[in-house]
Amino acid sequence: MMASSDVDIRAEGSLFSDQNPSEMDALCPSPPGPSRPQRNYERIGERTGTSFFQTLIHLLKGNIGTGLLGLPLAVKNAGLVIGPLSLLVMGIIAVHCMKLLVKCSHHLSANMNRQSLTYGEAMQYGMETVPWLRRHSQWGKRTVNLFLIITQLGFCCVYFVFLSDNVKQVVEAANATTFNCQMNYTNQTQILVPSFNSRLYMLCFLPFLILLVFVRNLRYLAPLSLVANLVMTTSLVLIYIYSLTHITYPINLPKVGRAKDYPLFFGTAIFAFEGIGVVLPLENKMQRPQTFTLVLFLGMGIVTFLYISLGTIGYLCFGEHIGASITLNLPNCWMYQSVKLLYCFGIFITFALQFYVPAEILIPPALARVTERWATTVDLLLRTVLVIFTCALAILIPELDLVISLVGSVSSSFLALIFPPILEMLAFHTEGLSPLATAKNIVISLVGLVGFVTGTYIAIMEIVARNAEKHEETFSNYMVQ
């Protein structure tokens with residue numbers, strides 16, 4: 001579901017340094033070559049940049065993750081008609097905002113005679129074009145970087161909850177798992193042998209994820225990343241096949257969801273569409289960047305189609321029983337239990353890619369303050385602390401659907417919807433925007449702001465309500481005993 005320097009570079013600087021990393025940079029490093037004005041948006045040579053197809057694959061990889069699996073529940077929250085329509089509208093707006101970011105980056109990098117800009121630098125230089133904001137321009141970059149950190153650490157929290165929920169379900173149903181995928185007519189995995197609390201599963205994953213992030217050069221994980229992409233793709237195909245072939249008729253699902261649940265839909269949907277952090281790194285690495293617009297429209301068209309189709313088909317298949325992740329609804333047979341485990345493997349490897357961004361922003365300033373003798377020790381210690389921090393947050397909120405909605409509402413709404421329109425108004429301040437363009441930007445930013453406020457509020461209230469309900473249930477069981 002998904003922000004540039006190479007993984008093995010430890011640049012000195014503040015928390016919000018000039019070079020902001022992206023997980024795409026680790027596996028897709030910047031090629032050497034002339035600056036953007038010199039190369040006229042094209043690199044010379046066959047092996048100096050990524051091809052059209054490679055960039056498309058990276059774009060798809062950066063947008064498809066756990067958010068996709070949570071969209072059937074999002075469609076339930078919005079309604080069978082309103083949900084898909086809202087996903088289409090949100091997809092169009094998200095792609096438009098990505099295009100705005102690329103457009104502003106081109107404009108500002110040409111003005112500043114820079115080869116490329118990060119998201120944070122684009123916001124900084126955009127603010128510098130407005131005289132009364134110029135002295136505060138650093139805060140533009142710092143704010144963007146802060147939300148990048150929140151978003152990526154939020155992804156890591158979601159991964160902890162996803163791994164624990166799915167592995168827990170596989171373990172609990174293991175004794176009754178068969179090779180006959182038609183036995184479970186309720187279309188839900190039957191929990192037969194209760195095991196540990198999901199929080200304990202998170203603690204079991206903790207040491208392995210800590211060891212995983214100790215691999216500081218992510219190129220060493222590239223082969224595993226390729227395998228992870230293949231198994232996740234295979235899992236998605238099997239999920240599609242099962243959902244399509246098990247839709248029950250007649251369909252009596254609500255066309256419009258409850259108004260109070262729509263903010264939860266917004267949070268989950270924008271969490272899924274928050275791939276804007278990989279847009280500039282990918283465009284900057286293309287051999288022929290002038291074709292990036294086509295890559296963007298084609299790739300995000302595919303992503304939007306996948307989101308709408310799986311969200312709708314998954315809800316049609318499982319109805320009111322749809323879980324926080326569609327994998328939790330798959331039947332109790334070894335084929336689909338394997339699907340869960342394969343997808344978990346993919347998410348496990350992806351954890352290192354998502355963790356790369358906050359680690360490379362937060363750790364280098366600390367390393368600059370210690371001697372070379374202690375650099376490695378401090379580096380590993382800080383990585384351990386960050387992973388423990390994300391695990392602790394996941395343990396505090398072990399509700400997959402609410403964690404996804406909260407992360408989407410809090411941070412993804414700013415990066416994907418609020419900041420890009422503001423950046424266009426800043427970047428083209430001196431040239432002047434048409435009243436229509438200005439009005440459009442204000443509307444998009446307001447949509448993102450309303451989604452942020454309502455989505456965050458409803459997600460927090462639901463988290464509090466579920467925790468209270470669980471405490472009451474635990475107390476009642478204790479009193480009965």
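This is a predicted model: local features need pLDDT of at least 70, side-chain atom pairs count only at pLDDT 80 or more; totals for chains, interfaces and linings use all residues.
**First stop: helix α14.** Select residues 334-367, which form helix α14. At 1.5 Å a residue, these 34 residues should span 50 Å, and the end C-alpha atoms lie 47 Å apart, which agrees. Next, centre the view on Ala-359, where α14 has a kink of about 40 degrees.

**Second stop: the largest nonpolar core.** Select Phe-160, Leu-209, Phe-351, Val-387 and Phe-419, the residues that touch the most other members of this 131-residue core. The largest share of the core, 17 residues, is supplied by α14. In soluble globular proteins, nonpolar side chains tend to be buried together.

Which residues does Val-387 touch, leaving aside those up to four places away in sequence? Its contacts are Phe-160, Leu-206, Leu-209, Ile-210, Val-213, Phe-351 and Phe-355.

Select Leu-402, Leu-406, Ile-458 and Ile-463, which are among the six residues of a second, separate core.

**Last stop: the second largest cavity.** Select Val-213, Val-215, Arg-216, Leu-218, Ala-352, Phe-355, Tyr-356, Ala-359, Glu-360 and Arg-383 to display the lining of this cavity. The space within the cavity is about 50 Å³. Which element gives the most to the lining? Helix α14 does, with five residues. Ala-359, where the kink of α14 is centred, is one of the lining residues. Val-213 and Phe-355, both touched by Val-387, also belong to the lining.

Terms used:
Residues are numbered from 1 along each chain as its sequence is written. Side-chain values use heavy atoms; hydrogens and water are left out. Helices (H or I, at least four residues) and strands (E, at least two) are DSSP runs, numbered from the N terminus. The expected span of a helix is 1.5 Å times one less than its number of residues. The bend at a residue is the angle between axes fitted to the seven residues ending there and the seven starting there. A nonpolar core is a set of buried Ala, Val, Leu, Ile, Met, Phe, Trp, Tyr and Cys residues joined through side-chain atoms within 4.5 Å. Buried means under 20% relative accessible area, exposed over 50%, partly exposed in between (1.4 Å probe, protein chains only). Contact means heavy atoms within 4.5 Å. On a 1 Å grid over the protein atoms alone, a cavity is a set of points where a 1.4 Å probe fits but cannot get out, and a pocket is an open set with protein on both sides within 12 Å along at least five of seven lines; lining residues have an atom within 4 Å of a point. Grid points are joined across faces, edges and corners, and a volume is the space filled by probe spheres set on the points.
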